[in-house]
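Hi everyone, thanks for coming. I'd like to walk you through one model today, so let me put it up on the screen.

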Amino acid sequence: YNVSDEFWRIQCQSICELSIREKRIFSLPSLLTFAVDNFASEMNALGPKDLIFLSDTKVICGNIPVNIGIEQWVNDRLRRVRWRLSAESGTRVTNIQLHRLIFYTIIGR
């Protein structure tokens, strides 16, 4: 992972809050799986405004140069959400931006 400090903060906060709420320990791959399984409607409701307000590339920047170990079905669903957001916003949505939006669906900030 090569991401901004802001991204690390919100990622760690999301993992921590979800672990406390669900009373089990989450990692990034298990958090993404949980989000795809339990927040599908919220993820489908994300739109270009969410990209502007929550995933501004000036604040949430970086890349994921390694495989983070999510299952193929999770990756496929995340990719479909990313492609839809890209089409609606007219810009390429990165994995980092999508992850930030997923963290928002989990902790609401």
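Before we start, one cut-off to keep in mind: a residue is called buried when its relative accessible area is under 20%, exposed when it is over 50%, and partly exposed in between. And please remember throughout that this is a predicted model.

Let's begin with the overall layout. The protein has 6 helices and 2 strands. If you read along the sequence, the order is β-α-α-α-α-β-α-α. Of the 109 residues, 41% are buried. Now look at the contacts in the protein with a separation of 6 or more: 75% of them are between residues 24 or more positions apart.

Helix 1 covers residues 5–22, and it packs against helix 2 at about 65 degrees, with the two axes 10 Å apart. That angle is why helix 1 counts as roughly perpendicular to helix 2, since the range for that word is 65 to 115 degrees. The crossing of helix 1 over helix 2 is left-handed. Which residues meet there? From helix 1 we have Gln-11, Ser-14, Ile-15, Leu-18 and Glu-22, and from helix 2 we have Leu-28, Leu-31 and Phe-34. Sorted by class, that contact between helix 1 and helix 2 has 5 nonpolar, 2 polar and 1 charged residues.

While we're here, have a look at the loop between helix 1 and helix 2, where you'll find Lys-23. Is Lys-23 buried or exposed? Its relative accessibility is 74%, so by the cut-off of over 50% Lys-23 counts as exposed. Its backbone deserves a glance too. Most residues other than glycine have a negative phi. Lys-23 has a positive phi, near 55 degrees, and is not a glycine.

Let's follow helix 2 to its other partner. Helix 2 runs over residues 28–38, helix 6 over residues 95–107, and their axes come within 10 Å and cross at roughly 65 degrees. Helix 2 and helix 6 are therefore roughly perpendicular to each other, and helix 2 passes helix 6 in a left-handed crossing. On the helix 2 side, the contact uses Leu-28, Leu-31, Leu-32 and Ala-35, while helix 6 brings His-99, Ile-102, Phe-103 and Ile-106. In terms of class, this contact of helix 2 with helix 6 has 7 nonpolar residues, 1 polar residue and no charged ones. If you were keeping track of names, Leu-28 and Leu-31 of helix 2 have come up in the contact with helix 1 and again in the contact with helix 6.

Helix 6 has another neighbour to show you. Helix 5 and helix 6 pack at about 105 degrees, and their axes are 10 Å apart. Helix 5 is therefore roughly perpendicular to helix 6. Here Leu-78, Val-81, Arg-82 and Leu-85 of helix 5 touch Asn-95, Leu-98, Leu-101 and Ile-102 of helix 6. By class, the contact of helix 5 with helix 6 has 6 nonpolar, 1 polar and 1 charged residues.

So let's zoom in on Arg-82, which sits in helix 5, residues 72–89. Why does Arg-82 count as buried? Because its relative accessible area is 15%, and the cut-off for buried is under 20%. Leaving aside neighbours within four places in sequence, Arg-82 is in contact with Val-93, Thr-94, Asn-95 and Leu-98. What does the side chain of Arg-82 find there? It makes a polar contact of 3.0 Å with the side chain of Asn-95. A polar atom of the Arg-82 side chain also lies 3.5 Å from the backbone oxygen of Val-93. As for Leu-98, its C-alpha is 6.5 Å from that of Arg-82, with the two residues 16 apart along the chain.

Also in helix 5 is Ser-86. With a relative accessibility of 17%, Ser-86 counts as buried. Not counting residues up to four places away in sequence, Ser-86 touches Thr-91, Arg-92 and Val-93.

Last stop, the end of the chain. Gly-108 lies in the segment after helix 6, and at 49% relative accessibility Gly-108 counts as partly exposed.

Key:
Residues are numbered from 1 along each chain as its sequence is written. This is a predicted model: local features need pLDDT of at least 70, side-chain atom pairs count only at pLDDT 80 or more; totals for chains, interfaces and linings use all residues. Side-chain values use heavy atoms; hydrogens and water are left out. Axes are lines fitted to C-alpha atoms, for helices over the stretch in contact, and angles run from 0 to 180 degrees between N-to-C directions. Helices (H or I, at least four residues) and strands (E, at least two) are DSSP runs, numbered from the N terminus. Angles under 35 degrees count as roughly parallel, over 145 as roughly antiparallel, 65 to 115 as roughly perpendicular and the rest as oblique. A crossing is left-handed if the near helix is turned anticlockwise from the far one by less than a right angle, and right-handed if clockwise. Contact means heavy atoms within 4.5 Å. Ala, Val, Leu, Ile, Met, Phe, Trp, Tyr, Cys and Pro count as nonpolar, Asp, Glu, Lys and Arg as charged, and the others, Gly among them, as polar. Buried means under 20% relative accessible area, exposed over 50%, partly exposed in between (1.4 Å probe, protein chains only). A polar contact is a pair of N or O atoms within 3.5 Å; within protein, one must be able to donate a hydrogen and the other to accept it, and residues adjacent in sequence count only if both atoms are side-chain atoms.
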